[in-house]
Amino acid sequence: MKDREPTDLPIEEIVSDLKANRAVRRKLPEGGRIHIDRQLPFLCLYRKPPHGADVGTKRLVESEASYITVMDGADLSPLVEAIAETMSEIFGGFLILELWALSPKNRSVDEEEAHRPLFRIRAQRPEELLSTVETLRTWLGRVSLHRLKAEVFIEKESPAPPSFEPILSREFLQRHSTHIVGLGVSPLYRDAAGETLFPLELYALRRGISKALKKAFFRFTVDMTRSCPTHYAMMGRRFVTKAVWEVDSALAEIEDAFDFLLQVTPVNTEEAWRRFRAEGFRGTPRFLYRPRPFDIARMKRRLFDIPVAKIEDPTLFELFGQKVVELDRKLTLLFDRDTPNFLYGSIPTYGRVEEDLLETARRMLELLPHEKKDLEADAREDAVDAETFAKRAEEEIAYYRAFYPQMRSKVEIRDDIVAGAMVSGGNFLISRSAHFPKKRIEALLHHEIGTHVLTYTNGLAQPFRQLHTGLSGYDEMQEGIAVLSEYLSGGISKARLRVLAARVIAVHLLCEGRPFDEVFSVLREEYDFGEKSAFTITTRVFRGGGLTKDAVYLRGLIGIFDYLHEEGPLEPLFVGKIAAEHIPLIEELQYREILEKPPLWPRWLEEPEAKRRLREIRESRLTLLDLIEKGYL
């Protein structure tokens with residue numbers, strides 16, 4: 001919805017829209033604005049002070065589902081009266097929260113305290129709104145900046161900012177069951193003159209303040225109105241502005257312009273293996289890569305031209321802002337491909353190996369059989385070729401397509417991939433030279449199609465394209481779920497777990513500066529991997545110049561076990577491609593009715609044995625090492 005141009009304050013038209021539960025989004029006189037998503041029992045108010053600049057402050061209310069900004073002395077009290085009267089009739093009570101900037105702190109007294117967030121909550125009769133005010137105080141107290149927790153004071157004073165009279169008279173408030181709470185905020189997001197904005201500080205404060213406001217609005221709604229919401233996130237915005245769609249589309253276009261994993265995967269793996277073996281497993285193989293058919297510098301310019309700062313919603317701003325950073329890092333990685341700089345970019349993107357993760361990997365390799373019977377032995381067992389496996393994969397996709405005909409994924413047999421099988425762009429790619437043990441087929445299908453293809457398809461069903469291309473850092477959660485599917489379906493082997501642990505070892509050695517042939521030798525000689533398996537693991541870790549991504553499989557699996565121990569719900573995991581840190585944000589967007597219910601549910605979660613194993617992990621709080629030590633595999 002585009003902002004409508006202001007007229008002579010069309011109060012009757014605005015009230016009519018609100019009574020019909022239609023969204024209101026208009027420009028107001030002197031540069032003000034009104035945004036009301038729907039019928040809501042609260043309104044945020046900002047009035048620009050008559051003297052001096054006040055950059056950034058009005059953006060603190062623009063995060064909310066119902067707000068008015070008043071600029072340059074415009075008198076909008078008749079409009080506020082009309083809204084309060086209308087909403088109080090509908091809900092039986094109405095709350096106005098007016099927000100303003102406090103005077104900047106004196107930094108000469110105490111530098112640390114000058115950087116500490118400060119909030120002053122004002123109400124003439126705070127006892128009338130005791131639960132609302134206390135909720136606001138509690139959650140504002142959790143706001144932090146520069147690792148400094150906020151100070152919050154409750155003051156029994158006029159809820160109007162300095163230089164202003166209360167927006168509504170006391171008689172009106174009593175007559176229409178309306179309440180006003182004032183909130184003064186220390187302006188740590190701008191300079192003392194009020195002219196220069198500090199965007200990162202504003203973002204950090206806006207996110208915390210917005211959550212505190214929603215918590216308070218929820219408490220007021222439950223206690224003081226006829227409405228009965230079930231979650232505080234339901235107080236948030238449902239309306240998505242044009243800026244969000246523009247940002248989402250622009251980010252997806254950049255991500256769709258290249259396939260990162262294919263671009264860093266060697267195209268001459270088999271030839272490199274033969275040469276490495278012929279040279280006595282010494283030195284570093286010379287890997288060749290696909291040409292990069294795009295201008296990285298131009299793509300970066302496009303990336304930083306995307307107007308993320310225009311997004312008013314702090315939750316969406318966080319999701320899209322993180323994606324900009326990740327895409328920038330990946331483009332830098334592609335620029336640095338096959339150079340020593342690649343590793344230095346890989347570490348901030350995918351992380352190093354933490355000490356506890358390394359110890360878990362080492363313990364797994366101690367507990368699991370030290371036999372040469374690993375992936376090479378599996379390949380010699382009763383196995384199927386790429387064509388046979390592709391037919392079974394097509395049947396699996398057809399199963400899901402029967403529930404969701406819009407599913408557009410397909411199966412391709414390729415000559416140019418190092419992995420036996422992988423998902424790219426929602427399609428299932430199979431190496432032509434690969435063979436797949438029959439006993440592993442179901443597990444592989446659940447991993448690749450029942451997780452990666454399914455979340456890609458579910459993401460396509462969402463309004464934001466980021467849910468299928470993947471939110472920032474989604475790999476770890478995705479791979480953790482995918483490996484969990486192998487265990488729950490009874491298809492994970494000890495050899496498979498040994499490979500996941502070995503990848504962690506290899507990434508650790510890579511980050512220590514060990515060369516290719518030394519990492520290969522450690523896997524082969526210390527951990528008893530066969531020659532080809534050790535080469536494959538080492539190649540995956542050294543591809544591009546040093547890719548630390550392969551540690552995410554085991555890290556993600558351990559993270560999923562922790563999530564299950566905390567009774568985390570399963571549905572948010574399949575909305576699209578998300579990271580663990582995004583689960584609360586996804587749940588919030590679902591409560592706000594911005595995200596849709598995912599159309600597909602994994603087949604592997606419907607199997608009785610999978611349900612039993614899942615329940616066992618939750619109730620007994622089994623860890624991955626427990627499963628290995630107790631022989632559950």
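Trainee: Buried means under 20% relative accessible area, exposed over 50%, and partly exposed in between. So which class does Lys438 get?

Mentor: Lys438 has a relative accessible area of 46%, so this residue is partly exposed. Keep in mind that this is a predicted model.

Trainee: Which residue does Lys438 meet in a salt bridge?

Mentor: Asp382. The N to O distance between the two side chains is 3.4 Å. Asp382 sits in the loop between α14 (375-380) and β11 (383-385). Lys438 is in the loop between β15 (435-437) and α16 (441-460). The pair links distant parts of the chain, 56 residues apart.

Trainee: And Asp382, buried or exposed?

Mentor: Asp382 counts as exposed because its relative accessibility is 52%.

Trainee: How many salt bridges are there by this rule?

Mentor: The count comes to 63. One of them joins Arg47 and Glu98, with the closest N and O atoms 2.6 Å apart.

Trainee: What does the pair of Arg47 and Glu98 tie together?

Mentor: Arg47 lies in strand β3 and Glu98 in strand β5, so the pair connects parts that are 51 residues apart in sequence.

Trainee: Arg47 and Glu98: buried or exposed?

Mentor: Arg47 is buried, at 8% relative accessible area. Glu98 is buried too, at 1%.

Trainee: What about Lys410, which residue does its side chain meet?

Mentor: Glu412, in a salt bridge of 4.0 Å, N to O. Lys410 is partly exposed because its relative accessible area is 47%.

Trainee: Which residues are linked in a network of salt bridges?

Mentor: Arg25, Arg33, Lys58, Glu62, Arg237 and Glu312.

Trainee: New topic. What order do the strands have in the open sheet of eight?

Mentor: Read across, the order is β1-β2-β4-β3-β5-β10-β6-β9. The pairing is mixed. β1 (24-28) and β9 (151-155) are the edge strands, each pairing on one side only. From one strand to the next, the twist averages 15°.

Trainee: How do β3 and β4 pair?

Mentor: In the parallel sense. Four bridges connect β3 (residues 42-47) with β4 (residues 66-70). Within that pairing, Cys44 has Tyr67 in β4 as its bridge partner.

Trainee: Cys44, buried or exposed?

Mentor: Buried. Cys44 falls in that class because its relative accessibility is 0%. Contrast Cys228, which counts as exposed at 67%.

Trainee: Which strands does helix α2 lie across?

Mentor: Helix α2 (residues 77-91) lies across β1, β2, β3, β4, β5 and β10. The helix runs at about 145° to β5. Helix α6 (residues 199-224) lies across β3, β5, β6 and β10, at about 160° to β5.

Trainee: Now the helix α10. Which residues in α10 are buried?

Mentor: Ile296, Met299 and Leu303 are buried in α10. They cover an arc of only 60° around the axis, so they sit on the same side of α10. In general, an α-helix has 3.6 residues a turn, so residues three or four places apart point the same way.

Trainee: What do the buried residues of α10 pack against?

Mentor: α7 (242-256) and α11 (314-335). On the other side of α10, Arg298, Phe304 and Asp305 are exposed.

Trainee: Last one. What do β13 and β14 form?

Mentor: A hairpin, with two residues between the strands. Gly425, in the turn, has a positive phi of about 60°. β13 (residues 421-424) and β14 (residues 427-431) run antiparallel and are joined by four bridges.

Methods: Residues are numbered from 1 along each chain as its sequence is written. This is a predicted model: local features need pLDDT of at least 70, side-chain atom pairs count only at pLDDT 80 or more; totals for chains, interfaces and linings use all residues. Side-chain values use heavy atoms; hydrogens and water are left out. Two strands pair if DSSP finds at least two bridges between them. Axes are lines fitted to C-alpha atoms, for helices over the stretch in contact, and angles run from 0 to 180 degrees between N-to-C directions. Contact means heavy atoms within 4.5 Å. Buried means under 20% relative accessible area, exposed over 50%, partly exposed in between (1.4 Å probe, protein chains only). The arc is that of the directions from the helix axis to the C-beta atoms.
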